[in-house]
Amino acid sequence: MVIIWSIPARQDLHLIHQYIAHDAKLYAGRVVQDITNKVDVLLELPRLGRMVPEIGEDNVRELSIYSYRIMYELMDETIYIHGVFHKRQNFQPQDLQRE
């Protein structure tokens, strides 16, 4: 298994870091590290997350950490991280940029 972070997902992490760092730089780094650590667990347990209900495809799944949804797709031996969304965001299927 290999994990690939999409450009939009990497941008999401950067924006999350910037937003939190406004008030707490140390905490911002910890949140981003915790998100990436949670994703790394997928190397051992790729189906750990639940199916994304808004999309309804078994291979499109999500992990939850803090107030974020990490959305990913399983394709053969590759895990594509498509985005990190705030849980309060009104997520729509078209918000997920699948490459």
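**Questions about helix packing, cores and exposure**

Modeller: Leaving aside residues up to four places away in sequence, Ala-28 touches His-17, Ile-20 and Ala-21, where contact means heavy atoms within 4.5 Å. This is a predicted model, in which local features need pLDDT of at least 70 and side-chain atom pairs count only at pLDDT 80 or more, while totals for chains, interfaces and linings use all residues. Residues are numbered from 1 along each chain as its sequence is written, and side-chain values use heavy atoms, with hydrogens and water left out.

Biologist: Where is Ala-28 placed, and why is Ala-28 called buried?

Modeller: Ala-28 is in helix H2, and its relative accessible area is 0%. Buried means under 20% relative accessible area, exposed over 50%, and partly exposed in between (1.4 Å probe, protein chains only), so Ala-28 counts as buried. The C-alpha atoms of Ala-28 and Phe-85 are 57 residues apart along the chain and separated by 16 Å.

Biologist: What makes H1 and H2 roughly antiparallel?

Modeller: Helix H1 (residues 7-21) and helix H2 (residues 25-40) pack at an angle of about 155°, and their axes are 7 Å apart. An angle over 145 degrees counts as roughly antiparallel (under 35 is roughly parallel, 65 to 115 roughly perpendicular, the rest oblique), and H1 and H2 are therefore roughly antiparallel to each other. The crossing in which H1 passes H2 is right-handed.

Biologist: Which residues of H1 and H2 meet?

Modeller: From H1 come Leu-13, Ile-16, His-17, Ile-20 and Ala-21, and they meet Lys-25, Tyr-27, Ala-28, Gly-29, Val-31, Val-32, Ile-35 and Thr-36 in H2. By class, the residues of this contact are nine nonpolar, three polar and one charged.

Biologist: How do you know that His-22 is exposed?

Modeller: His-22, in the loop between H1 and H2, has 69% relative accessibility and therefore counts as exposed. Between the C-alpha atoms of His-22 and Met-1, 21 residues apart along the chain, the separation is 36 Å.

Biologist: Which residues have the most contacts inside the largest nonpolar core?

Modeller: That core has 22 residues, and those with the most contacts inside it are Trp-5, Ile-35, Leu-42, Ile-70 and Ile-81. A nonpolar core is a set of buried Ala, Val, Leu, Ile, Met, Phe, Trp, Tyr and Cys residues joined through side-chain atoms within 4.5 Å. Two or more residues each are given to this core by strand E1 (2-5), H1, H2, strand E3 (60-65), strand E4 (68-75) and strand E5 (78-86). Apart from this core lies another, of seven residues, among them Ile-55, Val-60, Met-71 and Leu-96.

Biologist: What does Ile-35 touch, not counting residues up to four places away in sequence?

Modeller: With that exclusion, Ile-35 touches Trp-5, Leu-13, Ile-16, Ile-65, Tyr-68, Ile-70 and Val-84.

Biologist: Why is Val-84 called buried?

Modeller: Val-84, in strand E5, has a relative accessible area of 6% and is therefore buried. Val-84 and Leu-96, 12 residues apart in sequence, are 9.5 Å apart in space, C-alpha to C-alpha.

Biologist: What makes Tyr-66 partly exposed, and what makes Asp-76 exposed?

Modeller: Tyr-66, in the loop between E3 and E4, has 40% relative accessibility and therefore counts as partly exposed. Asp-76, in the loop between E4 and E5, counts as exposed because its relative accessibility is 78%. Phi of Tyr-66 is near 50°, a positive value in a residue other than glycine, and phi of Asp-76, likewise a residue other than glycine, has a positive value near 55°.

Notes
Axes fitted to C-alpha atoms, helices over the stretch in contact; angles between N-to-C directions. Helix = DSSP H or I, 4+ residues; strand = E, 2+ residues; numbered from the N terminus. Left-handed = near helix turned anticlockwise from the far one by under 90°. Nonpolar A, V, L, I, M, F, W, Y, C, P; charged D, E, K, R; others polar.
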